[in-house]
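Subject: Handing over the structure, with notes

Dear colleague,

I am passing a structure on to you, and below it you will find my notes. Please read them with the structure open beside you.

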Amino acid sequence: MKTMNKRLILDGHNDTLQAFYLPNKTQRSFFEKTDTGHIDLPRAKMGGLGGGFFSIFVPQSPPANMEPGEGIGQNHKASVDRVMKPIEFSYAHETTRKGIEALFDLEAKSEGRLKVVRTTEELQSALEEDRLAAIIHFEGAEAIEPNLDSLSGFYTEGLRSIGIVWSRPNIFGYGVDLRVQGTPDQGPGLTQSGKDLVKACNQLGILIDLSHLNEKGFWDVEKISLSPLVATHSCVHALSPSPRNLTDKQLNAIKASGGVVGINFSVRFLRRDGKEIPETPLCELVRHFQYVAERIGVDHVAIGSDFDGTTILKEIGDVTGLPKLMKALQNSGFDEESLTKISLKNWVRVLSATWK
Ligand SMILES: [Zn+2]
C-alpha cells in the first residue's frame, strides 16, 4: 500500500507494541485497519507515518499478582497521585524480552512492510522504500542489571533508545511521579549505575531519552552525555505545569546540545489544568510546538505522539490525524521548511548525531 500523504512523519514515541505482548490488552491485528487503539499499519500509511520509536514498557506488576485496576494500563493514562514502586529485574527482563519478540514477530509477518532499523542508513532506506521504520525504545531501563551486562546484547538485537526511567525509581535514577501538576524537581539525581549507563549508551550509540526523568537526573545527563539531549515525548511546563513537562531552563539546555523535544499529544500534558478532556482543541497542542520553536528554534521541536499510551486529542483521534496536525501547524505560521524539520528532519539529524 502506498503512503497517501506526501509528507512522511517520524514519531518520537508510541506504545503500540503493548497490544502484542501484554496479556490483558485488547487483541487486534497490526495489519488490518481497526478502530482499536491509535496505530496499525493501514492507518499508519493513511496518516503518513514513516516510522517511529516503538516503546517497550513494563507495567507496574505482573498480571498474576494484580489487584483489579492496578498495574497494567497504569501508563500515562492513569491519573493516580501516588509514587510508583520499583519493579523486579527478572520480571522486567522477561517482559522486555516478550516486547522485543513481539516486534520482530510483526516484522516477520509484515512481508517487508515494517522494518526494525538500527542505523540512519536503514532508517532512510525504510522511509524511501515505504516500509514503516521501527526504532526499539525501552521506556525505563529495569531490564538491565547494575553491571550493564545485558546492554550490549540488547544493542546487538536492535535497541537504539533508552529512557533511563519511567515514572518510578529504579537502580539508575528517579522518574517524576504521575501527579497532574507539579515540578519535575523531585528526588535525587542519577545513581552511579545511572551515570555508568549514560556513558555506556554514548559509547554504543544509544539515544538517551529524558522524558519521565526527574530534574536532577536531567542535569546529570546534561553534564555527562556527549550526545544531543532528547525528550522523546514531553511538552512545555510553562504552558502546562505537569512534572512530565520541560522547564524553560531544560529547553535551553536541549537547544545548547543540538537536541530535540518530541511534543506529546496527551491532553494531560497540554492543558494548563492537566485535565483529561479529549475534546481539548487542537490549538492547545499547536501552541506547545509554537512555544518551543519560538523559544529555542524550530530545529529543536518534533513529534512525540504517545499514540497507544495515553488519552490524546479527539481532533487527532489516531495516527490518521497526523496530517490534520501538520495542516494546523501550517495555518499557525510554520513554513514548508519548518514543517519538514518538525515532521522528519530534526529526528533524523539527532539520530545521526547519536547512533554510531
Ligand atoms: Zn512515556
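The model is predicted, so local features need pLDDT of at least 70 and side-chain atom pairs count only at pLDDT 80 or more, while totals for chains, interfaces and linings use all residues. Residues are numbered from 1 along each chain as its sequence is written, and side-chain values use heavy atoms, with hydrogens and water left out.

I begin with helix 6, which runs over residues 192–204; helices (H or I, at least four residues) and strands (E, at least two) are DSSP runs, numbered from the N terminus. Which residues of helix 6 are buried? They are Ser-193, Gly-194, Leu-197, Val-198, Ala-200, Cys-201 and Asn-202, where buried means under 20% relative accessible area, exposed over 50%, and partly exposed in between (1.4 Å probe, protein chains only). Among the elements that cover these buried residues are helix 5 (151–157), strand 5 (159–163), strand 6 (207–209) and helix 7 (215–224), with contact taken as heavy atoms within 4.5 Å. Just after helix 6 comes Gly-205, which takes a positive phi of about 90°.

Lys-195 also belongs to helix 6, but it counts as partly exposed because its relative accessible area is 27%. Not counting residues up to four places away in sequence, Lys-195 touches Leu-190, Asp-220 and Ile-224. Lys-195 and Gly-12 lie 183 residues apart in sequence, and their C-alpha atoms are 23 Å apart in space.

Helix 7 is mostly covered, since seven of its ten residues are buried, namely Glu-215, Gly-217, Phe-218, Trp-219, Asp-220, Val-221 and Ile-224. These buried residues pack against helix 6, strand 6 and helix 8 (248–256).

Helices 10 and 11

Two packed helices are described by the angle between their axes and the distance between the axes. For helix 10 (residues 282–296) and helix 11 (residues 322–331), the axes come within 10 Å and cross at roughly 65°; axes are lines fitted to C-alpha atoms, for helices over the stretch in contact, and angles run from 0 to 180 degrees between N-to-C directions. Which residues meet where helix 10 touches helix 11? Leu-282, Leu-285, Val-286 and Phe-289 in helix 10 meet Lys-324, Leu-325, Ala-328 and Leu-329 in helix 11. By class, this contact has seven nonpolar residues, no polar ones and one charged, where Ala, Val, Leu, Ile, Met, Phe, Trp, Tyr, Cys and Pro count as nonpolar, Asp, Glu, Lys and Arg as charged, and the others, Gly among them, as polar.

Cysteines

If a disulfide is a pair of cysteine sulfur atoms within 2.5 Å, the count comes to zero. Cys-235 is in no disulfide, and the nearest cysteine sulfur, that of Cys-283, is 14 Å away. Cys-235 is buried because its relative accessible area is 0%, and Cys-201 also counts as buried, at 1%.

Residues in loops

Most residues other than glycine have a negative phi, and most peptide bonds are trans. Against that background, His-212 has a positive phi of about 85° although it is not a glycine. His-212 sits in the loop between strand 6 and helix 7, and it is buried because its relative accessible area is 2%. Asp-308, likewise not a glycine, has a positive phi of about 65°; its place is in the loop between strand 9 (301–303) and helix 11, and at a relative accessible area of 16% it is buried.

Gly-317 is placed in the loop between strand 9 and helix 11, and with a relative accessible area of 35% it is partly exposed. Where along the chain does a contact of Gly-317 with His-38 reach? The two are 279 residues apart along the chain, yet their C-alpha atoms are separated by 7.4 Å. Leaving aside its neighbours within four places in sequence, Gly-317 is in contact with His-38 and Ile-312.

With best wishes

Definitions and conventions:
The expected span of a helix is 1.5 Å times one less than its number of residues.
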